[in-house]
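This report is intended to be read alongside the sequence and the three-dimensional model. Please keep both in view while going through the sections.

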Amino acid sequence: MNKDFFHKIKENKLCFHIETYGCQMNEHDSEKIAGILSEMGMEKAADMETADMIVFNTCCVRENAELKLFGNVGALKKEKRRRPSLIIAVCGCMMQEDGMARKLAQTFPFIDIIFGTNSMQELPQMVYAAIEHGERTIIENKPFGAIIEDIPVRRNSAPLSYVSIMQGCNNFCSYCIVPYVRGRERSRKPDDIIKEVKSLACAGYSEVMLLGQNVNSYGLGTDTTFPELLERVATETGMQRIRFMTSHPKDISPELIAVMAKYDNICKQLHLPVQSGADRVLEKMNRRYTIARYKELIRLVREAMPDCSLSTDIIVGFPGETDEEFEETMALMEEIRYDAAYMFVYSKRKGTVAAEMEDQISDEVKKARITRLVNRQNDIMYENNLKKVGTIQKVLVEGRSKRSVGDLCGRTDCGRMVNFPCEEDLIGKIVTVRITEGKRSTLMGELIK
């Protein structure tokens, strides 16, 4: 590549569009991809139809992810025939699955670029090959290496921001494919993290979300634990609000709870996936904690931070889960009364231990269980929201509300979404709001001058 190539991109005003599937880690990866393409001279397209380059950043956690991707890519066949210069790229977790990159390339020969989560830094060379020489680039099964710093980021979530503190996972839950497509745990250097968060605060970002497959196990290869890192972020960066996810119950420590309780700019919100309320199922999942241990963690959190908001992940229909074990999950949800829950029907992921287990649960039983679970959790969330009516909350104004026309919206310290009348010049500011109404999934409020 040379300067003439970058000049050509700018002169032709080439634009990109990114379709992102999956979690916050994938969202942040897409911000990095946007940063790389922007540094090359491309601009963000208004929509897919006007883009000169379309990128699909994939997730493979759910069973239907492959069908969704193949359907969306296949729909571009006619557009590629109409516009041969259109660059189509597919990347992300799914491309790390054994044989997936090859299968995709064979099924859709019009795809120009295919790469996994650990080849992002090579994207400029791939784009150059596609534009200048009409060459396809397919990178598969590339070994995971050290985390690469200084990848440019084009953030699209102001006043919120994401910062990845680690990559990979060593837990090998029997249902999960993440360790195979994200690799083993690698932690960033604490000073690099502090530098990035500090720069975001200086740039006007009000909140940061520290990301990792298991943030509690941060520190491998460094001399810093996650509680120590969190304390540094709270005291050294000037960031007004700090959140983090995801936490694994087996690694939550009293030190982490103490740091959360100590600093006002660490949000009192904890996402703590339980997955099941039955010890036998947890053992089959290889979760490495018991329900008694989980409940003790909840007790410690609420003792230190009475108003801490709790959310979780729950899987129903795991192989062999009995009716009685599902009822244990229902009872746990009733006892803890989560403010939010991400609830899923178990789905097989090729290459995981659970996919080969006997006693797979029928779709009919799974559907009945998930319906009960979701309905009751929605009721609990509504009941929790009603208890907030009349309270005074600090809210970070994020932008225009999608649910309440004419209002702005933002989140409380505990992560609850609030809609309220407010001027747009307060976006990015933390304001005081009185909660006037509790709805099923949001709160309504009024600004206190």
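This is a predicted model: local features need pLDDT of at least 70, side-chain atom pairs count only at pLDDT 80 or more; totals for chains, interfaces and linings use all residues.

## Enclosed cavity

A search of the whole structure returns 1 cavity of 30 Å³ or more. The space in the largest cavity amounts to about 40 Å³. Its lining is formed by Asp 29, Ile 33, Asn 57, Cys 91, Gly 92, Phe 115, Gly 116, Thr 117 and Met 120.

Two secondary-structure elements, helix H2 (24-39) and strand E4 (87-92), each contribute at least two residues to the lining of the largest cavity. Sorted by class, this lining comprises 4 nonpolar, 4 polar and 1 charged residues.

## Second largest pocket

The second largest pocket holds about 480 Å³ of space. It is lined by 20 residues, of which Glu 97, Asp 98, Ile 177, Lys 350 and Gly 351 are the closest to its centre.

Helix H3 (65-74), helix H5 (100-107) and helix H7 each provide at least two of the lining residues of the second largest pocket. By class, the lining of this pocket has 7 nonpolar, 4 polar and 9 charged residues.

## Aromatic pairs

The model contains 8 aromatic pairs. One of them joins Tyr 175 and Phe 318 in an edge-to-face arrangement, with 6.4 Å from centre to centre and 85 degrees between the planes. This pair links distant parts of the chain, the two residues being 143 residues apart. Tyr 175 belongs to the loop between strand E8 (166-167) and helix H7 (178-182), and Phe 318 to the loop between strand E13 (309-316) and helix H13 (323-336).

Are the two partners buried or exposed? Tyr 175 has a relative accessible area of 12% and is therefore buried, the cut-off being under 20%. Phe 318 is also buried, at 0% relative accessibility. Elsewhere, ring pairs connect Phe 70, Phe 108 and Phe 110 into a cluster.

## Backbone features

Most residues other than glycine have a negative phi, and most peptide bonds are trans. Several sites in this model can be read against that background. The peptide bond between Met 245 and Thr 246 is cis, with omega of about 5 degrees. Thr 246 lies in the loop between strand E11 (241-245) and helix H10 (254-262).

Gln 275, which is not a glycine, has a positive phi of about 70 degrees. Its location is the loop between strand E12 (269-271) and helix H11 (279-285), and with 6% relative accessibility Gln 275 is buried. Arg 288 likewise has a positive phi, near 65 degrees. Arg 288 is placed in the loop between helix H11 and helix H12 (291-304). Its relative accessibility is 46%, so Arg 288 counts as partly exposed, a class that lies between the limits of 20% and 50%.

## Buried residues in strands

Met 343 is part of strand E14 (residues 340-345) and is buried, at 17% relative accessible area. Met 343 and Asp 313 are separated by 30 residues in sequence, yet their C-alpha atoms are 5.8 Å apart in space. Residues up to four places away in sequence aside, Met 343 touches Ile 314, Ile 370, Leu 373, Val 374 and Gln 377.

Gln 393 is located in strand E15 (residues 392-400), where a relative accessible area of 14% makes Gln 393 buried. The side chain of Gln 393 is in polar contact with the side chain of Thr 391, at 3.0 Å. Not counting residues up to four places away in sequence, Gln 393 also touches Lys 388, Thr 412, Val 431, Thr 432, Val 433 and Ile 435.

## Asn 419 and its surroundings

Asn 419 sits in strand E17 (residues 417-420). Its relative accessible area is 2%, so Asn 419 is classed as buried. With neighbours within four places in sequence left aside, the contacts of Asn 419 include Ser 401, Arg 403, Ser 404, Asp 407, Leu 408 and Cys 409. Also among them are Thr 442, Leu 443, Met 444 and Gly 445.

How far is Asn 419 from Lys 284 in sequence and in space? The two residues are 135 residues apart in sequence, and their C-alpha atoms are 42 Å apart.

Conventions
Residues are numbered from 1 along each chain as its sequence is written. Side-chain values use heavy atoms; hydrogens and water are left out. On a 1 Å grid over the protein atoms alone, a cavity is a set of points where a 1.4 Å probe fits but cannot get out, and a pocket is an open set with protein on both sides within 12 Å along at least five of seven lines; lining residues have an atom within 4 Å of a point. Grid points are joined across faces, edges and corners, and a volume is the space filled by probe spheres set on the points. Helices (H or I, at least four residues) and strands (E, at least two) are DSSP runs, numbered from the N terminus. Ala, Val, Leu, Ile, Met, Phe, Trp, Tyr, Cys and Pro count as nonpolar, Asp, Glu, Lys and Arg as charged, and the others, Gly among them, as polar. Rings of Phe, Tyr and Trp (its six-membered ring) pair if their centres lie within 6.5 Å; planes under 30 degrees apart count as stacked, over 60 as edge-to-face and the rest as tilted. Buried means under 20% relative accessible area, exposed over 50%, partly exposed in between (1.4 Å probe, protein chains only). A polar contact is a pair of N or O atoms within 3.5 Å; within protein, one must be able to donate a hydrogen and the other to accept it, and residues adjacent in sequence count only if both atoms are side-chain atoms. Contact means heavy atoms within 4.5 Å.
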